[in-house]
Amino acid sequence: MAELTLEHVSKKYPNGYEGVKDFNLEIADKEFIIFVGPSGCGKSTTLRMIAGLEDITSGTLKIDGKVVNDVEPKDRDIAMVFQNYALYPHMTVYENMAFPLRLRKADSKEIDRVVHETARILDLEKLLDRKPSALSGGQRQRVAMGRAIARNPKVFLMDEPLSNLDAKLRVQMRAEISKLHDRLGATIIYVTHDQTEAMTLGTRIVVMKDGVMQQVDTPSKLYNEPCNLFVAGFIGSPQMNFVDATVGERAGKITLTFGSNTITVPESKAAALRPYIGKVVVAGIRPEDVVEEHEYSEQKFLSESIEASVTVYELLGSEAMIYGEVDGGVISAHLSATNPVRTGSRIKVAFDVNKLHVFDKETELAIVH
Ligand code: ADP
């Protein structure tokens, strides 16, 4: 059982740099929560404050209702897994996993039971006698996890634990960690700069930028209802398209104009945009919501079509991506692999306007999704 509460937590480094600013979050027991954001946004600093490896400059950290700001790391009942998993090279897998228990002076029967149980969970039973040098990267990472699991902590903190692995192994280990979370029923806080990793692993994701929490939400909410331009651009790959557009009104309907193109906004989004008539906003649309003429369908709520010239065509296998120039901006779109469009094609595209996002250009906050 481990609930964590961070109230107004800030970190100012001795050189005066504020790495984390007014961080507020409640993490429920057994939750798998992800901190994500570009390098330097304060993810590791937050994690290290939770672990007790870094002092909290101001604010309160509670574990199960108890303030632990001044509790030593070893007394917080937290296990941390880092990207460089620092196994002891002279010890076998067994000894590496037993080490934290020996430090705690557990008796050898108990140690043996825990190590074998942990090895079973992580599928390491056949490797217990090996030294780390005789293991693959993925196996080493599993041993590092095993060492954390053997301690049976209240909370696991993982700081980019997969970033040293190759792409294939990373995907495999991602699935392993998800399974592990289900099996252990533990609270996990996981740091990554990789939005795909965050989206596939977490039940809730904290997006950070410049030391400031931007949005805390489920993966689908972050994707469909990003609260600001930063989150909209950071979550989703390839990135959401953005274009500066002027809000207007035509025959009672709200429109967005960029270059010589004008599209009509659906009724459901019109009210929120009315106060912006005459102003410039940022319109956003994900590449999968941009539809090329060959793929127009009746069901879609498509905007007026606009012209584009394709500058890049990338076949991705089952589908393709295009990047094109439109009057007033640049746009990327998904195509089906059978679509005849290629680099240099002059095409028409339309937007699924129900999926349109609009942001305030000054505050960068979402006006409507
Ligand atoms: P992330 O984990 O998101 O990449 P960090 O939490 O490591 O980012 O760092 C947040 C910010 O704090 C960065 O700008 C980093 O340069 C700065 N920082 C980290 N450690 C120190 C330190 N000891 N002294 C001063 N600034 C630091």
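In strand S21, valine 368 is the bridge partner of valine 358. The two strands involved, S20 (residues 357-360) and S21, run antiparallel to each other and share two bridges; strands count as paired when DSSP finds at least two bridges between them. Please keep in mind that this is a predicted model, in which local features need pLDDT of at least 70, side-chain atom pairs count only at pLDDT 80 or more, and totals for chains, interfaces and linings use all residues. Residues are numbered from 1 along each chain as its sequence is written, and side-chain values use heavy atoms, with hydrogens and water left out.

S20 and S21 belong to an open sheet of six strands, ordered S13-S12-S11-S14-S20-S21 and paired in the antiparallel sense. Strand S13 (261-264) and strand S21 (366-368) form its edges, each pairing on one side only. From one strand to the next, the twist averages 40° (axes are lines fitted to C-alpha atoms, for helices over the stretch in contact, with angles from 0 to 180 degrees between N-to-C directions).

Now for the rings. The whole structure holds six aromatic pairs (Phe, Tyr or Trp rings, the six-membered one for Trp, with centres within 6.5 Å; planes under 30 degrees apart are stacked, over 60 edge-to-face, the rest tilted). One of them joins phenylalanine 242 and phenylalanine 359 edge-to-face, at 6.1 Å centre to centre and 75° between the planes. Phenylalanine 242 lies in strand S11 (residues 241-250) and phenylalanine 359 in S20, so this pair ties together parts that are 117 residues apart in sequence. Phenylalanine 359 counts as buried because its relative accessibility is 0%, while phenylalanine 242, at 27%, counts as partly exposed (buried is under 20% relative accessible area, exposed over 50%, partly exposed in between, with a 1.4 Å probe and protein chains only).

Two charged side chains also sit over rings (NZ of Lys or CZ of Arg within 6 Å of the ring centre and within 35 degrees of the ring normal):

| Charged residue | Ring | Distance to ring centre |
|---|---|---|
| Lysine 279 | Tyrosine 276 | 5.7 Å |
| Arginine 286 | Tyrosine 223 | 3.8 Å |

What about the interior? The largest nonpolar core has 47 residues, and Met97, Phe156 and Met158 are among those with the most contacts inside it (a core is a set of buried Ala, Val, Leu, Ile, Met, Phe, Trp, Tyr and Cys residues joined through side-chain atoms within 4.5 Å). Helix H4 supplies the largest share of this core, six residues. A second, separate core of 34 residues includes Tyr276, Ile306, Ala320 and Val353.

Met97 is also one of the buried residues of helix H2 (residues 93-103), along with Val93, Tyr94, Asn96, Ala98, Pro100 and Leu101. These pack against helix H3 (108-121) and helix H4 (137-150). Beyond its neighbours within four places in sequence, methionine 97 is in contact with residues including Val115, Leu124, Val143 and Ala150 (heavy atoms within 4.5 Å). Lysine 105, which follows H2, has a positive phi near 65°.

Strand S6 (residues 78-81) pairs in the parallel sense with strand S7 (residues 155-159) over four bridges, and valine 81 stands opposite methionine 158. Side chains in a regular strand alternate between the two faces of the sheet. In S6, Ile78 and Met80 point one way, Ala79 and Val81 the other, and all are buried.

Overall, the protein has nine helices and 21 strands (DSSP runs numbered from the N terminus: H or I of at least four residues, E of at least two). Of its 369 residues, 49% count as buried.
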